[in-house]
Amino acid sequence: MNGDPRVQKLLRNASYLFSGNALASLCGFAQAIVLARALGTDGYGLLAVVIAFVTTVNQVVDIRMWESVTRFVGDDHARGDHGRARATVKLAYLVDAGTGVLAFALVAALAPFAAGRFVHHPEAARDVVLYAGTLFVATVNDTSMALLRVFDRFHWLSIERVASAVLRLAALWAVAASTGALTPVLAAYVAVELARGAVLLALGLSAARTALAAPGPDHLGLLRGHLGEFWRFTASNAATNVLTLVTRQLDILILSAVSVPREAGLYRMAKNFGQLILRLTDPVYHAIYPELVRLDASAPA
């Protein structure tokens with residue numbers, strides 16, 4: 001079985017993601033330690049609550065377009081319908097941009113409530129809005145990474161993940177050590193994420209242009225007969241996964257609502273350590289999903 005090209009390819013792709021996730025997770029854990037020491041327990045607790053609130057809003061709004069991209073772009077690519085695949089890529093990015101703007105608007109509207117109810121510092125509303133700047137690329141990043149997986153650019157993903165984790169660690173370390181303040185740290189977060197979004201967008205579009213090179217129309221009208229199936233699939237995934245995704249951050253918000261930010265910070269530190277192993281299992285799912293789509297597309301009708 002190990003001689004099967006599909007198995008070898010799957011193992012190779014998973015190994016790329018595994019190594020990237022492992023190194024990025026270690027950087028993330030080191031980042032937590034650095035920030036906790038520089039900001040103190042209260043400052044790190046405020047950071048944890050701000051991140052948890054913004055992430056929760058984004059996860060409620062996000063419809064997991066990356067799964068639809070993997071399913072439909074991968075299927076059209078395998079069948080040779082490059083025009084419709086390119087049209088799906090355009091639709092995905094348009095939807096992602098819209099959900100990013102919507103999530104930012106919701107966070108901005110809810111920031112005063114969040115600052116008073118969860119952060120327990122009304123003046124922290126500006127920090128909540130500042131960190132919400134990451135939402136402009138959060139959902140777009142997922143689609144860009146999905147394109148890299150669909151078109152077998154797993155080594156690009158691994159390199160990008162490690163490079164962005166190292167850059168984020170270095171930037172936050174420098175800013176936190178020199179200022180010891182929350183707002184500059186959040187600004188550094190946003191700057192790094194926006195830069196990462198630009199890189200992922202360029203990589204995703206480059207992979208799509210190379211793989212979907214067949215000439216022909218690629219306007220959104222090509223999707224008219226398939227939008228029903230597309231949106232049913234997307235809505236089903238969003239409804240199925242939203243509860244699981246929200247609960248990854250909801251515990252921090254619940255704790256912060258009944259306690260002080262310091263307790264939320266200590267809890268987040270422990271939670272990060274506990275999730276270190278769990279994150280290493282993601283590569284198997286992300287590597288096998290595109291292969292399952294190709295197998296389905298190649299199966300006899």
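Reader: What are patches made of here?
Author: Patches are made of residues with over 30% relative accessible area and no salt bridge (a Lys or Arg side-chain nitrogen within 4 Å of an Asp or Glu carboxyl oxygen); like charges join within 9 Å, and nonpolar side chains (Val, Leu, Ile, Met, Phe, Trp, Tyr) within 5 Å.

Reader: Which residues make the nonpolar surface patch?
Author: Val101, Phe136 and Leu194 make a nonpolar surface patch of about 250 Å² (Shrake-Rupley area, 1.4 Å probe, with only the protein chains shown as cover for residues). This is a predicted model, where local features need pLDDT of at least 70 and side-chain atom pairs pLDDT 80 or more, while totals for chains, interfaces and linings use all residues. Residues are numbered from 1 along each chain as its sequence is written, and side-chain values use heavy atoms, without hydrogens and water.

Reader: Where is Val101?
Author: Val101 is in helix 3, residues 82–119 (helices are DSSP runs of H or I, at least four residues, and strands are E runs of at least two, numbered from the N terminus). Val101 is partly exposed, at 48% relative accessible area (buried is under 20%, exposed over 50%, partly exposed in between, with a 1.4 Å probe and protein chains only).

Reader: How many helices and strands does the protein have?
Author: The protein has 10 helices and zero strands. Of its 301 residues, 49% are buried.

Reader: Which residues touch the most other members in the largest nonpolar core?
Author: Leu35, Leu47, Phe53, Val54, Val107 and Tyr189 do, in a core of 33 residues (buried Ala, Val, Leu, Ile, Met, Phe, Trp, Tyr and Cys joined through side-chain atoms within 4.5 Å). At least two residues of this core come from each of helix 1 (5–61), helix 3, helix 4 (125–131), helix 6 (154–179) and helix 7 (182–211). Helix 1 gives the largest share, 13 residues.

Reader: And what does Leu47 touch?
Author: Leaving out residues up to four places away in sequence, Leu47 touches Leu35, Leu39, Leu182, Leu186 and Tyr189 (contact is heavy atoms within 4.5 Å). Another core, of 29 residues, lies apart from the largest one. Val69, Phe72, Val73 and Leu212 are among its members.

Reader: Switching to charges. How many salt bridges are there?
Author: The structure holds 10 salt bridges. One of them joins the side chains of Arg64 and Glu67, at 2.6 Å from N to O, and both residues are buried. Another joins Glu229 and Arg71, at 3.5 Å from N to O.

Reader: Where do Glu229 and Arg71 lie?
Author: Glu229 lies in helix 8 (residues 227–258) and Arg71 in helix 2 (residues 65–79), so the pair ties together parts 158 residues apart in sequence. Glu229 is partly exposed, at 37% relative accessibility.

Reader: How many residues apart are Asp75 and Arg79?
Author: Asp75 and Arg79 are four residues apart in helix 2, about one turn of the helix. Their closest N and O atoms are 2.9 Å apart, in a salt bridge. Asp75 is buried, with a relative accessible area of 8%.

Reader: Is Glu193 buried or exposed?
Author: Glu193 is buried, at 12% relative accessible area, and lies in helix 7. Not counting residues up to four places away in sequence, Glu193 touches Thr134, Val137, Asn141 and Arg168. Arg168 is among the buried residues of helix 6, as are Glu160 and Ser164.

Reader: What follows helix 6?
Author: Gly180 follows helix 6, with a positive phi near 65 degrees.
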